[in-house]
Amino acid sequence: MGPLHGVKVVEIASIGPGPFAAMMLADMGADVIRLERADGGGFGSGSWNFMHRGRPSVACDLKSDRGREMALRLCEEADALVEGFRPGVMERLGLGPEDVAARNPKLVYGRMTGYGQEGPMAAVAGHDINYISLSGALGSIAREGERPLFPLNLVGDFGGGGMLLALGVLAAIIEARESGRGQVVDASMVEGASVMMTLIHAMREIGMWAGRPGTNLLDSGAHFYEVYECSDGGFIAVGALEPQFYAKLLEVMGLDPDEFPQMDRSRWPELKERFAATFRTRTRDEWAAVLEPVDACATPVLSLAEAPGHPHNAARGSFIEVGGKLQPG
């Protein structure tokens, strides 16, 4: 049944981070109902989207009196509402926080936006790439001398967006059960992506992080935190940060520790080239066979198709079938 059994959530259909937050709540056992546009249109509609799993969908025209009243009646019995419109849209529909609170003062009102509910850019359109660019995250993800590379839409939409919205909604539900009053959760993806950069800000403050991307510990500057190509075109991901793991990595690779000082930053570019040459001597799976079983923090880079079949993922049931479709669980 899940730890959220008994928690009721009304989801106003949207795209990206809103459905992801609702999926997370439903996966944990919450009773979520999704209110879709009556015409079924929009990119966020359709059974193809795995993020719609685990909850029923009901057609509802929120612009009509009947649809608005249906949404309000559902809210009367709900713990939370989750919506992803631009600021002001729900208020114009007569379904803003004050409208809903009049029917259910304990309801938590979760709002998923890019730039937040107020501020100069609150009403401006955008997507993940725009939100993480303003947060400073995108500008930090680049190899030296290259343009920033956006990490799919994982940082803004899902990590800094939907996941933090779900956390905020749950925190507010807990508080509401004590106080009897709900509150608005304003989940801005710019701020969500920013807070995910907290460690990097701290490292920058003490001089451990340079302003030039691609020269630091975690952004491809270090030879021991990098992706290397193998002889068959596959890749190995190396993350041997701690000295003991770095020592084990060198041992398995057959390299002399005296020739590979880990923290000599002046030699990182040279050592990276030597690592690259070594990894090109075997296939990805040959490297994986000797690196995976030991504490070298080195693993094969798997494709989406390969990941479900990896022995560790298979043993843990990390991927599940829902409606005959294999997807992350």
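Ala237 has Thr299 in strand 9 as its bridge partner. This is a predicted model, where local features need pLDDT of at least 70, side-chain atom pairs count only at pLDDT 80 or more, and totals for chains, interfaces and linings use all residues. Residues are numbered from 1 along each chain as its sequence is written, and side-chain values use heavy atoms, without hydrogens and water. Helices (H or I, at least four residues) and strands (E, at least two) are DSSP runs, numbered from the N terminus.

- An open sheet of 3 strands runs in the order 7-8-9, with antiparallel pairing.
- Strand 7 (225–229) and strand 9 (298–300) are the edges; each has a single partner strand, so one side of each lacks a neighbour in the sheet.
- The twist averages 20° from one strand to the next.
- Strand 8 (residues 235–239) pairs with strand 9 over 3 bridges; pairing needs at least two DSSP bridges between two strands.

**Helices across the sheet**
- Helix 10 (residues 268–279) lies across strands 7 and 8, at about 40° to strand 7.
- Helix 11 lies across strands 8 and 9, at about 35° to strand 8.
- Axes are lines fitted to C-alpha atoms, for helices over the stretch in contact (heavy atoms within 4.5 Å); angles run from 0 to 180 degrees between N-to-C directions.

**Arg284**
- Arg284 belongs to helix 11 (residues 284–291).
- Arg284 is buried, at 11% relative accessible area; buried means under 20% (1.4 Å probe, protein chains only).
- The Arg284 side chain reaches the backbone oxygen of Val301 at 3.0 Å.

**Helix 1**
- In helix 1 (residues 17–27), 9 of the 11 residues are buried, so the rest of the structure largely encloses it.
- Just after helix 1, Gly29 takes a positive phi of about 105°.

Technical notes. Buried means under 20% relative accessible area, exposed over 50%, partly exposed in between (1.4 Å probe, protein chains only). A polar contact is a pair of N or O atoms within 3.5 Å; within protein, one must be able to donate a hydrogen and the other to accept it, and residues adjacent in sequence count only if both atoms are side-chain atoms.
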